[in-house]
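Biologist: Could you bring the model up so that we can go through it together, one piece at a time?

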Protein chains: 4
Amino acid sequence: MTIDPTGAVARWWATDVSHMEPGVVELRGRPVQELIGTTGLASMIWLMIRGELPEPARAALLEAALVAGVDHGPQAPSIAIARMAATCGVGLNSAIASGVNVLGDAHGGAGQQCVELLDRVLLLEDEGAPLAEAAARAVAEGPRYVPGFGHRFHPRDPRRDPLMALAERAAADGVVAGRHLRAGLAVEAHLDAARSSPVPMNIDGATAIIYAELGFPAPLARGLFVLSRSVGILAHAWEETGQGTRNKGPIPRAVLPARLSP
Amino acid sequence: MTIDPTGAVARWWATDVSHMEPGVVELRGRPVQELIGTTGLASMIWLMIRGELPEPARAALLEAALVAGVDHGPQAPSIAIARMAATCGVGLNSAIASGVNVLGDAHGGAGQQCVELLDRVLLLEDEGAPLAEAAARAVAEGPRYVPGFGHRFHPRDPRRDPLMALAERAAADGVVAGRHLRAGLAVEAHLDAARSSPVPMNIDGATAIIYAELGFPAPLARGLFVLSRSVGILAHAWEETGQGTRNKGPIPRAVLPARLSP
Amino acid sequence: MTIDPTGAVARWWATDVSHMEPGVVELRGRPVQELIGTTGLASMIWLMIRGELPEPARAALLEAALVAGVDHGPQAPSIAIARMAATCGVGLNSAIASGVNVLGDAHGGAGQQCVELLDRVLLLEDEGAPLAEAAARAVAEGPRYVPGFGHRFHPRDPRRDPLMALAERAAADGVVAGRHLRAGLAVEAHLDAARSSPVPMNIDGATAIIYAELGFPAPLARGLFVLSRSVGILAHAWEETGQGTRNKGPIPRAVLPARLSP
Amino acid sequence: MTIDPTGAVARWWATDVSHMEPGVVELRGRPVQELIGTTGLASMIWLMIRGELPEPARAALLEAALVAGVDHGPQAPSIAIARMAATCGVGLNSAIASGVNVLGDAHGGAGQQCVELLDRVLLLEDEGAPLAEAAARAVAEGPRYVPGFGHRFHPRDPRRDPLMALAERAAADGVVAGRHLRAGLAVEAHLDAARSSPVPMNIDGATAIIYAELGFPAPLARGLFVLSRSVGILAHAWEETGQGTRNKGPIPRAVLPARLSP
């Protein structure tokens with residue numbers, strides 16, 4: 001007797017992402033052997049998430065955004081954590097997972113929140129507001145930290161300009177529609193005018209614009225950032241492995257944490 | 001007074017992977033703005049791990065291996081875990097981390113172990129053994145499961161042939177030296193002859209050969225597999241998010257786990 | 001020259017939880033040697049979180065709640081994930097972490113949300129509403145799933161009655177004030193009257209009442225549940241380790257996941 | 001038609017740890033309502049792992065060991081990581097998981113390795129070696145870091161003496177057999193004599209002796225340490241949550257990581 005006569009067990013794990021049979025690996029309906037050697041990694045990411053292969057110009061834009069976010073050094077908790085994990089006697093997989101796990105709402109979620117902000121700007125515009133007013137209203141409705149704008153370290157994030165240049169060229173060429181780009185620039189202009197200190201677009205904002213232009217829903221801005229930052233996390237964990245430290249703490253061993261209460 | 005007059009705190013987190021100053025993001029010594037839009041994701045992975053950009057033909061071989069391993073469906077614990085995690089009220093980052101975390105010695109470590117096996121074969125050959133004998137001896141010394149060979153599901157892994165074809169072409173073109181490829185084929189031939197049931201090369205073996213040919217040390221076979229499989233993990237976690245299930249268990253709710261002891 | 005002359009580095013990691021000097025381990029200001037052998041685990045949990053040791057009757061109530069939540073079998077994603085992780089070649093620590101990681105808003109957050117609900121009921125009562133009305137209004141304002149009430153598996157959660165009996169005795173004895181208990185029972189009574197099918201208090205609700213009565217803020221209902229469920233997660237991961245399975249998937253190997261789209 | 005006519009799906013998740021039916025929660029064969037309010041947390045841990053309730057004196061010894069290991073401050077990677085994670089916008093569950101995940105071979109595995117060392121000492125003694133010689137040989141066979149002995153921070157770990165006093169009393173009272181205790185003291189005496197600087201027993205060694213005396217296999221020394229340290233991890237993550245920092249890096253923001261290469 002078959003162990004799954006009703007098919008309920010097979011359906012519990014039903015998926016359109018991939019399909020396996022003995023000797024067969026289909027990814028989004030395509031035999032894997034047709035993809036190996038013909039398909040770039042950025043296109044593969046697109047295919048796996050969305051079910052179809054992208055046009056080359058769109059894949060290239062995605063790839064640029066993924067490249068831009070790979071690392072921001074050990075002052076980022078994700079990187080420091082992965083490096084410390086790598087000294088604790090776990091595999092590289094667990095060191096990477098430890099870093100990825102903290103790309104939460106505050107560390108990896110700004111892109112997602114920025115797409116939501118831009119979607120809100122565009123909804124207000126669709127309802128009749130001029131773009132500048134829509135941007136101002138969407139910012140006013142949101143949290144004090146405007147996601148995707150401002151950086152406590154960089155006066156101007158060096159990743160902003162090259163990403164915006166690529167997005168603008170893609171919009172000019174009709175590769176993307178350019179609406180989220182316009183919305184993002186309107187938010188940036190509003191913040192420039194409204195705040196005493198500059199709050200320019202940062203990496204999260206610039207990549208959020210690109211991901212949204214390419215049609216990825218907001219949560220995938222976080223998901224794609226995870227793939228991007230995983231590259232830096234691996235590189236740092238691997239470098240740390242080579243240093244030979246065991247159980248690396250956050251500060252030199254000679255410094256003991258202070259008491260919080262006086 | 002400066003808070004780090006001796007530099008010991010800065011040195012505690014010293015790294016060559018990246019360097020930040022206000023307005024500056026350097027990745028392996030290169031300003032990020034020079035990399036965005038000019039560098040593919042596979043080349044970026046290479047650069048971040050190894051400190052230099054690869055030749056295009058070598059980047060393409062790396063990219064093919066990364067594409068090949070993205071997914072093997074929900075019967076893989078990493079995929080099932082990420083899908084379940086995505087229903088538990090955590091962010092996509094934590095769902096992905098949950099999947100990545102289990103790419104341990106048994107699930108994600110075969111590539112690393114296979115590189116070590118092939119290194120052993122080549123060492124024995126360097127010491128004078130004919131290649132076939134070196135392969136037989138290295139297999140005999142190792143564990144019962146020969147890492148990188150055999151698959152409990154696929155009689156022949158459909159990812160083997162396209163990857164080996166790429167590796168062979170790369171060796172023929174002088175893109176790689178071809179020694180690990182020869183060693184891997186020798187192990188495969190030995191297993192074909194020595195075992196009653198076939199034990200052909202699997203995805204871990206084929207990618208291990210490529211990573212080793214490209215000069216990545218054994219632990220990075222695992223690290224690179226993590227990056228590759230993260231793509232499938234994200235795609236599955238995202239698909240599951242769209243299904244609306246809460247707290248998805250491993251089997252349909254109507255089936256209750258049995259008692260282990262009779 | 002000292003490496004931290006301003007103390008800024010020591011202060012970056014300032015804590016009142018513990019203090020170390022060579023030969024000294026102080027936990028919440030108490031030498032560890034005074035705690036070992038004199039202090040129970042539940043009291044230690046209380047001390048570490050809150051900075052003071054509890055009265056024995058309050059520690060006993062905490063302990064009962066912690067005991068109640070240790071396990072609900074492999075249909076819970078946290079348990080299934082830990083068991084699968086244990087077969088993938090990672091340490092017990094990573095298997096446990098994999099399970100704990102998914103105790104998110106949907107899986108481990110109900111207690112926290114229930115405390116927030118009960119706090120809301122009590123605020124409405126403080127503002128003058130009769131308790132029954134306060135409960136009805138707080139429920140009406142909240143999500144469709146009332147956190148802490150109802151169970152898709154148990155018509156009546158067998159952990160409810162013993163926990164409520166302990167809470168009621170503690171309230172009668174003046175060990176706790178009993179306000180959250182009254183609020184919880186009022187919510188239960190309201191749901192009994194308002195819904196067609198019964199929605200009795202579940203483990204999350206019963207423990208949330210106890211944690212809140214003991215003065216733990218809402219997020220710690222989740223934190224304490226993590227400690228509690230970790231016991232079951234460890235027990236299951238360990239049992240699975242003894243089964244010898246490698247890379248355990250979610251369903252028997254012979255069943256292949258179906259296609260999601262027809 | 002039933003969806004699991006052969007029972008294979010139910011058996012795939014078979015367990016003796018717990019059993020659920022509607023209205024029934026059995027833990028190790030005991031109805032949960034009989035355990036709530038009657039059973040301490042340490043006894044519950046024992047029951048869940050081993051299937052039977054311990055004698056009170058044995059539960060008390062387990063409890064003392066669990067209490068001893070809860071925390072060693074933010075210089076421990078597990079603690080620092082959990083504090084950093086708590087600032088990144090993930091739930092307490094994920095902050096705790098991030099800390100637990102790094103209790104790997106180097107950070108949380110010393111207890112497990114120490115039990116293995118003591119088992120080896122006792123095996124050599126069983127084979128006829130005098131205890132002191134057995135200890136010397138087992139140490140000589142092992143790694144340079146003798147697991148469970150020596151501490152880079154404490155000249156003498158303040159947790160050693162109270163734990164050893166409890167273990168000795170338990171042995172004197174016949175609560176435990178005392179063989180692992182003798183083996184541990186023999187290793188300590190050997191190291192005292194053999195090494196130029198003192199290498200006294202540390203927390204991992206002292207708890208390993210107790211866990212082994214109580215009959216827990218070596219891997220559970222790690223598993224139990226995870227439960228113990230989870231208490232401190234939660235306390236630290238919760239304290240950090242109250243500080244309001246976002247994306248806490250490892251060192252004060254003003255200090256930038258140095259370059260590794262000159």
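**A helix in chain A**

Modeller: Let us begin with helix H3 of chain A (residues 41-50), which is mostly covered, since 9 of its 10 residues are buried. This is a predicted model, in which local features need pLDDT of at least 70 and side-chain atom pairs count only at pLDDT 80 or more, while totals for chains, interfaces and linings use all residues. Residues are numbered from 1 along each chain as its sequence is written, chains are lettered from A and ligands numbered from 1 in the order in which they are written, and side-chain values use heavy atoms, with hydrogens and water left out.

Biologist: What do "buried" and "helix" mean here?

Modeller: Buried means under 20% relative accessible area, exposed means over 50%, and partly exposed lies in between, with a 1.4 Å probe and protein chains only. Helices (H or I, at least four residues) and strands (E, at least two) are DSSP runs, numbered from the N terminus.

Biologist: Which residues of H3(A) are buried?

Modeller: They are Leu41(A), Ala42(A), Ser43(A), Met44(A), Ile45(A), Trp46(A), Leu47(A), Met48(A) and Ile49(A). After H3(A) comes Gly51(A), which has a positive phi, near 90°.

Biologist: And chain A as a whole, how many helices and strands does it have?

Modeller: Chain A has 12 helices and 3 strands, and its C-alpha trace spans about 70 × 60 × 35 Å along its principal axes. Of its 262 residues, 65% count as buried. Among the contacts in chain A with a separation of 6 or more, 69% are between residues 24 or more positions apart, where contact means heavy atoms within 4.5 Å.

Biologist: Let me pick one residue, then: is Ser98(A) buried or exposed?

Modeller: Ser98(A) is buried, with a relative accessible area of 2%, and it is found in helix H6 of chain A, residues 92-101.

Biologist: What is Ser98(A) in contact with?

Modeller: Leaving aside neighbours within four places in sequence, Ser98(A) is in contact with Ile81(A) and Ala85(A), and also with Asn101(D) and Val102(D).

Biologist: Switching to chain B, how do H7(B) and H8(B) pack?

Modeller: Helix H7 (residues 110-126) and helix H8 (residues 131-141) of chain B pack at an angle of about 135°, with their axes 8 Å apart. The axes are lines fitted to C-alpha atoms, for helices over the stretch in contact, and angles run from 0 to 180 degrees between N-to-C directions. H7(B) and H8(B) are therefore oblique to each other, because angles under 35 degrees count as roughly parallel, over 145 as roughly antiparallel, 65 to 115 as roughly perpendicular and the rest as oblique.

Biologist: Which residues of H7(B) and H8(B) make the contact?

Modeller: From H7(B) they are Leu117(B), Arg120(B), Val121(B), Leu124(B) and Glu125(B), and from H8(B) they are Leu131(B), Ala134(B), Ala135(B), Arg137(B), Ala138(B), Val139(B) and Glu141(B).
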